[in-house]
Amino acid sequence: MNHNHVIGYATLALKNLGYSKDEIWKVIHEMHRLFDFQSEEEAAEQADSFLRENS
């Protein structure tokens, strides 16, 4: 899966949950920043850790 697929799914999920276009654009911009500065492995580890801590 490439970045465009990931952003597409995230956009649809946020839209379906009622987020505004402005909020969705903020998420998309942050995702592009993260794509540049974190590996897929780092992102997966940090997301898993966050979800485990806050569940």
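This is a predicted model: local features need pLDDT of at least 70, side-chain atom pairs count only at pLDDT 80 or more; totals for chains, interfaces and linings use all residues.
Residues are numbered from 1 along each chain as its sequence is written, and side-chain values use heavy atoms, with hydrogens and water left out.

Let me begin with the overall picture. The protein chain has 3 helices and 0 strands, where helices (H or I, at least four residues) and strands (E, at least two) are DSSP runs numbered from the N terminus. The C-alpha atoms fill a box of roughly 30 × 25 × 20 Å, taken along the principal axes. Of the 55 residues, 9% count as buried, and buried here means under 20% relative accessible area, exposed over 50%, and partly exposed in between, with a 1.4 Å probe and protein chains only.

Now to α1, which has 14 residues and reaches 20 Å from its first C-alpha to its last, close to the 20 Å expected at 1.5 Å a residue; that expected span is 1.5 Å times one less than the number of residues. At the start of α1, a side-chain oxygen of N2 comes to within 2.9 Å of the backbone nitrogen of N4, and just after α1, G18 takes a positive phi of about 90°.

Helix α2 covers residues 21-37 and, with its 17 residues, reaches 25 Å, close to the expected 24 Å. Which residues of α2 are buried? They are I24, I28 and M31, and because they cover an arc of only 60° around the axis, they sit on the same side of α2; the arc is that of the directions from the helix axis to the C-beta atoms. In general, an α-helix has 3.6 residues a turn, so residues three or four places apart point the same way. The face of α2 turned away from its buried side carries the exposed residues K26, H29, D36 and F37.

The largest nonpolar core has 5 residues, namely I7, L14, I24, I28 and M31, a nonpolar core being a set of buried Ala, Val, Leu, Ile, Met, Phe, Trp, Tyr and Cys residues joined through side-chain atoms within 4.5 Å. α1 and α2 each supply at least two residues of this core, and α2 gives the most, with 3 residues.

How values were computed: A polar contact is a pair of N or O atoms within 3.5 Å; within protein, one must be able to donate a hydrogen and the other to accept it, and residues adjacent in sequence count only if both atoms are side-chain atoms.
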